[in-house]
Amino acid sequence: MIEFSQFKTASKIIRLGNAVTYYRNQKMEALGLTSAQSETFKVILQNPGITASQLTQKLQRSQSTVAGILSRLESKGLIIKQVDAGDSRKAILMPSEQGLRLQNTLREIALEIQRFITDEMSEEEIAEFDRLLQIALDHMNAVRMGKE
């Protein structure tokens, strides 16, 4: 019989992800966004001119999922899709003026969530937590992309 203690780390990570997504959805509702939309938009804000293909890779999501999110962000007026001058099959993604106005609010929400997660951790613990999370995320993304 498999004991809970044998998969407690994975269970805690899943519960943490669910809690963060729930809280983030609550905060994003006032902005008319979902957690997934805000994460996608954040990547576009950080990488203006990114293509949909590059965005799909960065987010580690399917092309159809990203296309749906981009469609919703565009209909909300937060992003602008421009045809790539070098390749008309590619769309260049840029934040709109309306989208740029949300940047500080999204940053504040992200910092608030991070403070909640790391509230009782020292600076060294936060750095180690971040390092370990990145290792786990890199490994899971490799598995998901069929590289393991």
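In the predicted model, the protein chain comprises seven helices and three strands. The C-alpha trace spans about 55 × 35 × 30 Å along its principal axes. Of the 148 residues in the protein chain, 26% are buried. Among contacts between residues at least 6 apart in sequence, 52% join residues that are at least 24 apart.

The three strands form an open sheet with the order 1-3-2, and the pairing is antiparallel. Strand 1 (50-51) and strand 2 (79-83) each have a single partner strand and stand at the edges, so one side of each lacks a neighbour in the sheet. In general, the strands of a sheet pair through backbone hydrogen bonds, in either a parallel or an antiparallel manner. Here, two bridges connect strand 1 with strand 3 (residues 91-95) in the antiparallel sense. Thr51 has Ile92 of strand 3 as its bridge partner. Helix 2 lies across strand 1, strand 2 and strand 3, and its direction makes an angle of about 95° with strand 3.

Helix 2 also packs against a neighbouring helix. The axes of helix 2 (residues 35-46) and helix 3 (residues 52-59) are 11 Å apart, and the two helices pack at an angle of about 120°. Helix 2 is therefore oblique to helix 3, since an angle counts as roughly perpendicular from 65 to 115 degrees and as roughly antiparallel over 145. The crossing of helix 2 past helix 3 is right-handed. Helix 2 contributes Glu39, Thr40, Val43 and Ile44 to the contact, while helix 3 supplies Leu55, Lys58 and Leu59. By class, the residues of this contact between helix 2 and helix 3 are four nonpolar, one polar and two charged.

Helix 3 is likewise in contact with helix 4 (residues 63-75); the axes of these two helices come within 10 Å and cross at roughly 115°. This angle makes helix 3 roughly perpendicular to helix 4. The crossing of helix 3 and helix 4 is right-handed. On the side of helix 3, the residues involved are Ala52, Leu55, Thr56 and Leu59, which meet Gln63, Val66 and Leu70 of helix 4. The contact of helix 3 with helix 4 contains five nonpolar and two polar residues, and no charged residues.

Gln60 is located in the loop between helix 3 and helix 4. Its phi is near 55°, a positive value in a residue other than glycine. Most residues other than glycine have a negative phi. Gln60 has a relative accessibility of 18% and therefore counts as buried, the cut-off for this class being under 20%.

Ser35 belongs to helix 2. With a relative accessible area of 8%, Ser35 is also buried. When neighbours within four places in sequence are left aside, the contacts of Ser35 are with Thr21, Arg24, Asn25 and Met28.

Terms used. Residues numbered from 1 in each chain as written. Predicted model: local features only at pLDDT ≥ 70, side-chain atom pairs only at ≥ 80, totals over all residues. Heavy atoms only, no water. Axes fitted to C-alpha atoms, helices over the stretch in contact; angles between N-to-C directions. Helix = DSSP H or I, 4+ residues; strand = E, 2+ residues; numbered from the N terminus. Parallel < 35°, antiparallel > 145°, perpendicular 65-115°, else oblique. Left-handed = near helix turned anticlockwise from the far one by under 90°. Contact = heavy atoms within 4.5 Å. Nonpolar A, V, L, I, M, F, W, Y, C, P; charged D, E, K, R; others polar. Pairing = 2+ DSSP bridges. Buried < 20%, exposed > 50% of the residue type's maximum accessible area, 1.4 Å probe, protein only.
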